[in-house]
Amino acid sequence: MNGKTRDILTYTLGFALAAVLTAIAFGAVLADLPRATSVPVVGLAAIAQVIVQFRLFMHIDLSRQKREDLHLILFTCLIIAIMVGGSVWILYDQATRMM
Amino acid sequence: MTRTANRHPGLNLETDHYVDQPRAELTIFGFWVFMMSDLIIFACFFATFLTMDNPMAKAGGPGGAQLFDLTSVAIQTGFLLCSSFAFGLASVSMKYADGRGWTILWMAVSLALGLGFLTFELRDFASIWAQGGTPQRSGYWSAFYALVGLHGLHVAAGAIWMAVMITQLAVFGPHAVVKSRVLRLGLYWHFLDVVWIGIFSLVFLRALA
């Protein structure tokens, strides 16, 4: 298999996986599952699709050549976890106290 | 053919492209720094929206469950995903020097799909607005237009950039500088699709579940 076929297959696989994961997320909502089931399904499908697109569309992997870039992405995730997680936690707590 | 090591994130050009590799590596790393700081901005808008997604912040007004249109969101998601894929094919055709015609064709397809996304998004905004979901109605709708509108502005900027790159490819051909710009536009375009996953899951599907 030459490089071109491999590159096209990578994008096609990414596209197919992303389409399936999107269909699962929309399907869970369309099927009128109870909220306690559909929300986790949508969340997990979203996380899986983000990983699929980073890996197959943006070609991020764990190889040594791209360590710096991976560190950049992981550090960004840490900052986001602190800021988003912190804000949501504190404000939801406030909201429940004010109800 | 042996698999050459990736030198930077995103699609790598082969060494016979006469692109100054260390420089390409540096500019693409710089572009990743920009994208990741942009991601932090998006994350803050997501945090704002999530904290506004409670009965108090809706101030007695309508919520997403009443005003969102699942079909339209699904169409927009399809448009953006296909657009991202079409750009991937444009990058591959550029990497293997299939001729600038193929690259321009796939980029034009990608641009048309991106414009389709924007059309449906604006139609959605108009319909939500007409039903009383205006930014001044409640904190919930302010945060909604800020987050989804910010993504829409990014897509509009990306569409302009893509039109410029199609012109540059047509005028200058696959010049090294042009190719390096197309690689960065590709990363930006895939990145916007990743942000959209967060938007359709956390904003639209969460409200309609």
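This is a predicted model: local features need pLDDT of at least 70, side-chain atom pairs count only at pLDDT 80 or more; totals for chains, interfaces and linings use all residues.
**Exercise 1. The fold of chain B**

Describe the secondary structure of chain B, then its overall dimensions and its contacts.

*Solution.* Start by counting elements: chain B has 7 helices and 0 strands. Reading from the N terminus, you therefore write the order as α-α-α-α-α-α-α. Next, look at the dimensions: along the principal axes, the C-alpha atoms of chain B fill a box of roughly 65 × 30 × 30 Å. Then turn to burial, where 44% of the 209 residues of chain B count as buried. Finally, take the contacts in chain B with a separation of 6 or more: 80% of them join residues 24 or more positions apart.

**Exercise 2. Checking a helix**

Work out whether the span of helix α6 of chain B agrees with its number of residues.

*Solution.* First, note that α6 of chain B covers residues 139–172, which is 34 residues.

**Exercise 3. Where the chains touch**

How many residues does each chain give to the contact, and which elements of chain A take part?

*Solution.* Begin with the totals: 44 residues come from chain A and 43 residues from chain B. On the side of chain A that touches chain B, the elements giving two or more residues are α1 (3–30), α2 (35–56) and α3 (67–98). Of these, α3(A) supplies the largest share, 14 residues. Last, sort that side of chain A by class: 26 residues are nonpolar, 12 polar and 6 charged.

How values were computed
Residues are numbered from 1 along each chain as its sequence is written. Chains are lettered from A and ligands numbered from 1 in the order in which they are written. Helices (H or I, at least four residues) and strands (E, at least two) are DSSP runs, numbered from the N terminus. The expected span of a helix is 1.5 Å times one less than its number of residues. Two residues are in contact if their C-beta atoms, placed from the backbone, lie within 7 Å. Ala, Val, Leu, Ile, Met, Phe, Trp, Tyr, Cys and Pro count as nonpolar, Asp, Glu, Lys and Arg as charged, and the others, Gly among them, as polar. A residue is buried if 20 or more other C-beta atoms lie within 10 Å of its own, exposed if 12 or fewer, and partly exposed in between; C-beta atoms are placed from the backbone.
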